[in-house]
Each structure stands twice: as C-alpha cells, then as structure tokens.
Amino acid sequence: MRNELFSVLRRSPFSLKKVRGGFVRLGGAMACLMLVAFVLPNAAQAFSDEELRNIAERLDTKSSTQKITVIEEMAADGDPRVAPILKAMLEGDLFVRDSDEHVVIGRKKGKVYTHIDIVSGEEVGESSSKELSKIKVNNRLRGALRDALATLNLFSPDLNIRTNAVEQIMDARDPTMLPLLLRAIEREDDETLLARMELARATMALAAGENPAERLAAIDVLSSETTPQIRAVLSQFVASAEAEGIEPEVLAAAKDALNDVEGRLSTWQTVGDVYRGISLGSVLLLAAVGLAITFGVMGVINMAHGEMIMIGAYTTFVVQQILSSVLPSGSPWSLIIAVPAAFLVAGMIGVVIERCVIRFLYGRPLETLLATWGVSLVLQQATRTIFGATNQQVTAPDFMSGAIEFSTGLVLTYNRLWIILFSLIVVAGIACVLRYTAFGLQMRAVTQNRRMAGSVGIRTGYVDALTFGLGSGIAGIAGVALSQISNVSPNLGQTYIIDSFMVVVFGGVGNLWGTVLGAFSLGIVNKFLEPFAGAVLAKIFVLIALILFIQKRPKGLFALKGRAVEA
Amino acid sequence: MTDYSQKYKMTPVVGWLLQDRGGMILLAILIAASILIPICSLLLPQSSAFHVPTWMVSLLGKYLCYALLALSVDLIWGFCGILSLGHGAFFALGGYAMGMYLMRQIGDRGVYGNPDLPDFMVFLNWTELPWYWYGFDMFWFAIVMAMFVPGLLAFVFGFLAFRSRVTGVYLSIITQAMTYALLLAFFRNDMGFGGNNGLTDFKDLLGYSLQSDGTRAGLFVASCVFLGLCYIVARGITQSRLGKVLIAIRDAESRVRFTGYRVEYYKLFVFTVSAVMAGIAGALYVPQVGIINPGEFAPALSIEIVIWVAVGGRGTLYGAVLGAFIVNYAKTFFTGVMPDFWLFFLGGLFIAVTLFLPKGVIGAVPAFGSANGQSFLSGVRKRLNAGGKA
C-alpha cells in the first residue's frame, strides 16, 4: 500500500500520456498553470496586444455581472495569454495601476509589488501597495474564473494541459462546451489528443445532437472506444433514451454499441484479473521457492522460513541506510546491492541454524517443525529488539515507481511487473543451479538416496548445510523484493509462512515446477474469486479448497514417484 | 510384574489408576485444590496468610483450562502421533459456544438495551438473531454445542484427512490451514460472531454474576473436575486395547494397517474425542477470562499448545498438564517482568526441549522416566534389574 501511494505521489504529470486520478489531474493542471506564465505564447493569438489590453481594462468595474461578461469574452477566443491574467485575478493578484490606469499583475516581493505586464508577461516596474487598486473578486466571480480557466486550458500551448482539459470536458459532458471544443479541434495538431477530442465531441453530440444522423455518427465514434467512461456514457444514454423515447434505430445502435463496449471491457477485466493473479502468484512464488528447497528437497519443515524473508527485507533496509549517504534515495543500486547481501546474510543464518539445530533432528520432521518454530520466535524477537517493532521505510528505486496505464482501466504498476520478472529469474536461477552445477548434482543425489550418495563420497552433512543455506538465502532474496510491497516489520515473515507452505504442498513436495505452477494457479484463483467474494472470503475459499485438494492428492499436484516419497 | 488389574478384576478402572502413579498424584492434587482453594478464597479473611485472592483463583482456573487443552493434544500426539497444529480452533469453537450463551444472558443490560440482539448486532444494524444463534439462551444447549461443534468439525476434517492417508507434517500443515481459515472467517463482521472484538462484556452465568468470588471459585472447581474426568477418560482410552492399537499406529502406521486394522477409524475416534476435550476446555476458559475473540484461532497459539505438551513430556498425559502449568506460569511471569524476553524464552524452550529433552520434564525425573503406560513400579523393577545385571 505504502509503495502504491508513493508511486501516485511521484508520478509526474508530464511523464504519462493519460493521468486518470482526479486529484492528480487537478494538481497537474495547477502545476502547469504556473509554468504557462513563463512559456512564450506561440499558439494562435486571438487578440492583438491592444485588444487584450483594452478588454482587460474593462475588468475595472464594480459590477460582478459585467466582470463575468468580460471574463467570458476573454476566455472565449482561447488566447493563451489570458490564462495567467485570469489566474492572477483568481488569486487576487490583479491590480489597476493608479498612475496610468493599466491593468497589471502584482507579485508581492517583501514590501513592494512587482508589476507584470499582462500582454508581454515582463516586469514593468514596482511600487508599494498604495499605488495599486485591486480588482476585487467574490465567490461568484471565482466560480466564473475557474470555468473560464478550464476552457482556456483547451488552448494552452502545453499538450498536457490540453489533454487534462479534454478529460475534464469528457467527465463533465456539458453541452455548452461544444462550440469551444469544436474550435479546439480545428486548432489541434496532436493526433492522440485529436482522437480524444473527437471522442469528447461524440459524447456531447450524443447528449445534445439534434438529428438521428448526428447521434448515429456519435455512437459510431463511441463504440470504437473501450473505456469504463464510454460505457457509462452509453448506458446513461440508453437509459434516458428508453425513458424519453427516441428513434428506434438510434436506440438499437446505442444498445449494440453498449454491448460491444461491455464485451470488450469484460475481456479486459479478465485480462486484469489474470494479471493481478499472476502478480499475487509471483509474490507467493518468491515466498515459497526457498521453502521448495528446504521442505521440498530436504524434507525439513522450516517454520523459520518466513523469518528468512524478513531478514532479507531488513538487510535491504540496512543496505539502504548504509548507502544513503553515498547514493540518492531513488537510485537502483541500493536494491541491486541488497540482493546478494540478503542472500549472504539469510544464507549464513540458515547454515548456522542447520548446523546448530536441524542436523540433530533429521528423520524427525515433527520435532524439526517445533524447533524451527522456536528459531522463528527468537529471530522475530531479536529483530524487534534491534530495530524496534515499528515498520521500517524501504525506499523504492525510480525504475520501480510509476505504472503503465491503459485507457481501459488496467493499471500495471512497475513494482509488480519487476517482481513478476524477478520471481521468474530467481526460479530460473535455482533450476540452473540444481540442473547444471556440481553442487546441484550432489544435492539431488543426497535427496534421492542419502546412503548411496554418502557411499560414493559425497559429504552429505556438508551438502545438507549448503542446501539449507541456499533455501534460506533465496528466502532472503525474496525478502528484498517483498520489502517493496509489504511492511518491513518483525511480523513480515508470519504473513507469508502459511501461504508458502500451502503453495509447496499444493504444487507437490520436491518439485520446483510444481511450486511455480502452484503459486501462479493459487494466485489466479484467488484473484478471480475476489470480485465475487471479497478478499477475505476468497482467501478462506482457497484454503478450504486446498485442504480438500490435499485429501484428494495427498502429495500435491506433482508427486515424486518412487522410494523418495516414503523416505 | 505386578498386575493390579488381576487383583482388582471387578474394577479394572481402579486397577489401572493405581498403576498410574503420575495420574494418581495429579488427581490427588486436583481434588485437594478443588476443596482447599475455594475455602482459602471464600472463607479465610483477607488478612490471613493462606487467603487466596480472586485473581489468583481465576489465573489458576485459566491454567487448568490450558492443561485440559494440553491433555487433549497429548492424547492424539503422544499416543497416536497426530501432530495437530490446529487444536486452538477446537478450543476457540468451544469458547465461542459458551460466549454465545453468556452473550444471550446479558439480555437488555447491553449498551443498546436490546433484549434479543447482542450489542454488536445492533451496532451492525441487524434486525434479528441469525439462525445459528437460536438455542444459545439455554445453558444445556450451549454446553452440548461446545462439545458437539468442535467434535463435528474434527470428525469431518479427520474423516477426510485420515481416509486419504494424509499423515505427518502434511496433516500438521493442513490443520494449521484449517485454524487459519477459521481465524480469517471469524474476523469478518458478517459472520455474526462479533468480528474483531469477539464476544465480551459478559454479565452472569446461570444467574450468578461472573464478577463474584463465589462464581470464580465455582468455575475453578468445575475446571478441576473436568480436567480430572477428562484425564480419567484419556487414561482409560490409552489403557484399553484401543489405546494399544493407537500406540502401534503412532510407532508404525503401515504395519498396523497391514495387520488388518482400519487405522483411519482409530485415528478418527481419538481425534474427535480430543477435539471435544479441547471444546470443553474452551467453554470453561471463556467465563474465567471474560472474552473470546478470533485471536484464539491464531496458528501461533496452536503451536504453543504443542510445546506445553513437549515441555511436560509427550505421551504421559499428566506431563501435558504439568507442561501447561510450567509454560503458562513462565509466560505470566516473563510478560509481567520482562516482556521482551518472553519470546526469546519461548523460542529457546522450543529448541531446547526438542534437542535436549525429547521426553520433557517428566522424562528427566528418574521416577517417571519410563513413560507411555508402563507402570511406575514396573519401571523401577526394570531399572533395578538393569542395575543388578550391570
């Protein structure tokens, strides 16, 4: 959650084509308005300098109604220079200079006001407040100013501001904006934005269109788009049309279009569910893959596995703390350095645990379970004593913040994408170690037949320790990734331990691919259930389904065949 | 070997009770405590050196409930090799059954003054009692449910699990998943069990105020009695022929199956009995601590029960009782004096007991060294014989 919030905050309004969150859009628009003051006006200028000056001077009147007329007149032509003036007026920074009756923008600098010319945007002198009289605004005027500014944004030289303005119009669906929009369409030369504008025009035409042909054309434009927004527009239209009565062919066309859009949206919804399922699956996979080695390959029930993940997450935190003086906080290096560091720290702790506790308990799985549970309690409390019980801040590097957003409402956050990729890399790495290295060969030999492996000269105890170290180290690596999406606290491990066991048991002990398949299928099933049942119930269903599944196939999806099973 | 059951042919129960030295000590202590502690608490003046304050009575009563829970776990783990990491679930279900009765007893004395609905339902804008709350205004029904619901869950779960031969750590993991699923379920407000807050603010039991010293003492005595009865039942099971089969299953399940026994039925029976005992423990626990919430379903607590048994001595029954008292006293002590140290201690206990004390504290005491149903005397005899030969 925390990181998702960060990514929203960090999202620059300029880096994305379409920013959809309401407050982000407003914030972006405001930020852009500040910039506009310094952008040289290069778009079509509707007013000559003199006209602008004259019309602005008409603002110097007592009547609010007259002021509103002037404001609307100024905004109507879409001159980009008008926006800063209106903005200054909104903020109470627009003055009439007593000396020459010119309208100027006054910026307070200490005790004096700097005068900024409304036409050129340059400083044209300064004075005390006495020589300026403010053009007063009331709430009614402020409303009018905001409306005017919104329409003006349509003609802003900045593409982002224009895009935002079009989105706002789309949301508002106010037919009175149509003439302005038509003028904006004439001037627009950006292809993408033009398409959006056409869409906005179609939305309005649908609501305000005079004849069936116009409406049919609008429906045609709308049906080609796939966004929840358009679905809302169409369904609203269908509902009101059914109530009011309308040409049957228009209604039929609208219904068809609505069906089309809904069909495509539900496909996207499914795509989104699958993606979210894969995303959850990758988290489960990361959490479980270390366990697939310690439990799956060695048969050791390591209840302290979750704590290895926690140690990895805390290693990330410590690495970032150490490097924070050298590296900027968004640098990817701290995370990249944290990966081997976490592997080593967790791996070494794993080896120590194996040598000091587990090695005395081989062949007694239930005792191993209890002893490692004890280890997990000690590790949790140790972390709490050293770092405190509160959550630690792990910063996300730049490449992990932000998101790819589709107009269909699907959002792919970068941190989730990286975690999916990372989990696959980790699994591939483990598969390679098991398959192609001498250590992997020895490990498989010991798993399959410990005594025979010992007889041919493999130091089984040594292999055991390293295998356990490998499993723990991988849990540590998982901790680096999981520190990006969950709270780094002493309880981090507890949240993953039961899920990890479920994945390994479901996939089949001793089978890496079973674990991969188990993780992803559990993730996807969970996410498909969520819309119907809610997050908690979905999880309960999955747990019950797993319990029942284990009755049916006690050894998981892919059971090992042969003697290894009973050993 | 002196076989007392030969001497007491008419009363085999007395026979094996006399053989069971630890059990006799336990029962004697329970009888003494159930007589002395109420006297010390209710009759002696506060100034007396032997006066037992009410909080102490409740604390001991709570320990007795834990002891009963540990006994139920030892019955399946110590004698049948089923390591359940979900026994807290049966305990909590029993507790909820009692909690529902106590909730209904509040009547219109709740904050909202609704005579039918508990406060949290009024708070959630529920208008009528859910069907599964019917009948819980009757004490006998609540008690039956406190045993029936855990028993039924254990029966269904065990039937599925044992029939498909889910054993060892797999069984442990799915029992853990079971209690975890229940934890999540009971946290939901929609379940109608008070969600996060659980059931609390109890007023009285069978018309007696839960706050009064007399009720506390009564609950303590009830805990003693039920612990004693369950001990006798558990001992009876383990001493019977059925118990011998259970021990055989523990030691070599496949062989027992190949000999022609339906292993799953034996396991199912003892698992269900054990769950019922856990349910009774929960039902006795709730009125003494005054609250039941989903936290009791936490998998960590269920694992903790196992360590009580392991500390005391697995497969002895009385060892489980002793272990529950030792660990829980340590918990009370450490969380009071140095809370940070408690988890270190508990974790260390898990490691140390499994590594160095596989038979628990009881196993370390020479007089009880030979556990598992062998009589104390025969143990002594064996040791003497061994000494003679050496």
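## Working through a predicted two-chain model

The centres of domain 2 of chain A and domain 3 of chain A, taken over C-alpha atoms, are 49 Å apart; the domain bounds come from an automatic or database domain assignment. This is a predicted model, where local features need pLDDT of at least 70, side-chain atom pairs count only at pLDDT 80 or more, and totals for chains, interfaces and linings use all residues. Residues are numbered from 1 along each chain as its sequence is written, while chains are lettered from A and ligands numbered from 1 in the order in which they are written.

### Exercise 1. Domains of chain A

Task: work out which domains the assignment gives for chain A, and how many residues of domain 2 are in contact with domain 3.

Solution. Start with the bounds: domain 1 covers 40–157, domain 2 covers 164–267 and domain 3 covers 268–565. Next, count contacts, where two residues qualify if their C-beta atoms, placed from the backbone, lie within 7 Å. Seven residues of domain 2 of chain A meet seven residues of domain 3 of chain A. On the domain 2 side, helix α12 (residues 248–297) of chain A gives the most, with four residues. Helices here are DSSP runs of H or I with at least four residues, strands are runs of E with at least two, and both are numbered from the N terminus. Finally, sort that side by type: two nonpolar, four polar and one charged. For this sorting, Ala, Val, Leu, Ile, Met, Phe, Trp, Tyr, Cys and Pro count as nonpolar, Asp, Glu, Lys and Arg as charged, and the others, Gly among them, as polar.

### Exercise 2. Where the chains touch

Task: find which element gives the most to the side of chain B that touches chain A.

Solution. First the totals: 36 residues of chain B are in contact with 33 residues of chain A. Then list the elements of chain B that give two or more residues: α7 (139–163), α8 (168–187), α13 (299–312) and α15 (339–356). The top contributor is α8(B), with 13 residues. By type, the chain B side splits into 26 nonpolar, seven polar and three charged.

### Exercise 3. The sheet in chain A

Task: trace the order of the five strands in the open sheet of chain A, and explain why β4 and β5 each have a side without a neighbour.

Solution. Chain A has 22 helices and seven strands overall. Five strands make the open sheet, in the order β4-β3-β2-β1-β5 (chain A), with antiparallel pairing; strands pair if DSSP finds at least two bridges between them. β4 (123–127) and β5 (132–134) of chain A are at the edges with a single partner strand each, so one side of each lacks a neighbour in the sheet.

Now walk through some of the pairs:

- β1 (residues 94–97) of chain A is joined to β5(A) by three bridges, and A:Arg97 sits opposite A:Leu132 in β5(A).
- β2 (residues 103–109) of chain A is joined to β3 (residues 112–117) of chain A by six bridges, and A:Lys108 has A:Tyr113 in β3(A) as its bridge partner. Their hairpin has two residues between the strands, and A:Gly110 takes a positive phi near 65 degrees.
- β3(A) is joined to β4(A) by three bridges, with A:Glu126 in β4(A) as the bridge partner of A:Thr114. This hairpin has five residues between its strands, and A:Gly121 in the turn has a positive phi of about 75 degrees.
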